[in-house]
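Reader: I would like to learn how to read a fold from its model. Where do we begin?

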Amino acid sequence: MIEVKNLTKTYGAHKAVDNISFEVHEGEILGFLGPNGAGKSTTMNILTGYLSATNGTVTINGHDILEEPNEAKANIGYLPEQPPLYPDMTVREYLNFMYDLKKCALPRQRHIAEICQVLKIEDVYGRLIKNLSKGYKQRVGFAQALIGNPPVLILDEPTVGLDPNQIIEIRTLIKMLGKHHTVILSSHILSEIEAVCDRIVIINQGKIVANDNTAELAANLSNDRRMIVSVAGPAKEVANLISGINGVEEVSYEGSREVGVHEFAIETVNGADIRRDLFTRLAQRNWPLLASGSRAMSLEDIFINLTIKGNGGQL
Ligand code: ADP
Ligand code: MG
């Protein structure tokens, strides 16, 4: 449905997008995840034909965005980071204006009414956009993207600046739209993407550092188990003892919630099971193991590993 090949965008000497390639299949909800400045908006602006690439190609439903811009763009509904709203128009005026701009051929009244119903903006239809709350403005931005019923929706950080209730509403809306559209959704917030998307592409400093099914990403991560233990004993010596166990990669101190009891997070190599060793060794020193549990690394942990520690693409 969408094919991005070797896309590069440079600003002067700075590579905002650095030779990225990925595909989005029909019906998929793809999460485009990365920290601020990673290159998400730049990529989305190129995908939608608002910005030209320095190098590489984008094909939407078989149409090259440069060679057949009108055909390609007709397939896309775009909600940019800053929705192109006209504050002095009413919602009615604005949606009709966008309808004309997009040269929409669907029956005007019915089509706009349907969109307003889906987005629950019927009650503000006659209001000036500048008087709407942020949540309603965002929904009007969404409405604009849906005009013409394009098969592909590209949504750039659609929940930024919304309150938690509005975020849940928008999330539900995206899931619903995902049933009938191919969606690319960008965010710098992992939990948001994780909740909604089938697949996640992680971008950092213009480069793709991961591209996998959300479920598989999570499964890969659960191989790298992280164990949390509470031990009654001297913090430093306990940490040293744990570090010395075969299969332990990293021990970090998590603090103390009880006098003389310390918590540690232990990362093991390839999911090595150190529980028995740990128990025996602590018992030998008479340092009771008061609690232990394991938890799979969250996507948040992985995201930090990939984008900050910079050991990219090792999933
Ligand atoms: P994101 O949307 O992931 O936060 P952007 O795509 O907006 O990231 O930006 C990627 C990089 O490109 C950033 O380093 C940003 O400063 C730079 N950039 C974006 N637009 C321009 C521009 N018009 N001129 C120069 N640099 C830009
Ligand atoms: Mg952005």
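Author: With pairing. Two strands pair if DSSP finds at least two bridges between them. This is a predicted model. Here an open sheet of 6 strands runs in the order S6-S7-S8-S3-S9-S10, with mixed pairing.

Reader: Which are the edge strands?

Author: S6 and strand S10 (207–213), as each pairs on one side only. From one strand to the next, the twist averages 15°.

Reader: In which sense do strands S7 and S8 pair?

Author: Parallel. Strand S7 (residues 152–156) and strand S8 (residues 182–187) share 5 bridges. Take Ile154: its bridge partner in S8 is Ile184.

Reader: Which strands does H1 lie across?

Author: Strand S3 (29–33), S6, S7, S8 and strand S9 (199–204). H1 runs at about 155° to S8.

Reader: Now the metal. Which protein donors does the magnesium ion (ligand 2) have?

Author: Donors are N, O and S atoms within 2.8 Å of this metal. Here they are Ser41 (OG) and Glu81 (OE), at 2.0 to 2.7 Å. Ser41 lies in helix H1 (residues 40–47), and Glu81 in the loop between strand S6 (76–79) and helix H3 (91–101), so the pair ties together parts 40 residues apart in sequence. Glu81 is partly exposed, at a relative accessible area of 40%.

Reader: Which residues of helix H9 are buried?

Author: Buried means under 20% relative accessible area. In helix H9 (residues 235–243), these are Val238, Ala239, Leu241 and Ile242. They cover an arc of only 160° around the axis, so they sit on the same side of H9. The face turned away from that buried side carries exposed Lys236 and Asn240.

Definitions and conventions: Residues are numbered from 1 along each chain as its sequence is written. Chains are lettered from A and ligands numbered from 1 in the order in which they are written. This is a predicted model: local features need pLDDT of at least 70, side-chain atom pairs count only at pLDDT 80 or more; totals for chains, interfaces and linings use all residues. Side-chain values use heavy atoms; hydrogens and water are left out. Buried means under 20% relative accessible area, exposed over 50%, partly exposed in between (1.4 Å probe, protein chains only). Helices (H or I, at least four residues) and strands (E, at least two) are DSSP runs, numbered from the N terminus. The arc is that of the directions from the helix axis to the C-beta atoms. Donors are N, O and S atoms within 2.8 Å of the metal (3.2 Å for Na, K and Ca); water is not among the atoms, so sites may look incomplete. Axes are lines fitted to C-alpha atoms, for helices over the stretch in contact, and angles run from 0 to 180 degrees between N-to-C directions. Contact means heavy atoms within 4.5 Å.
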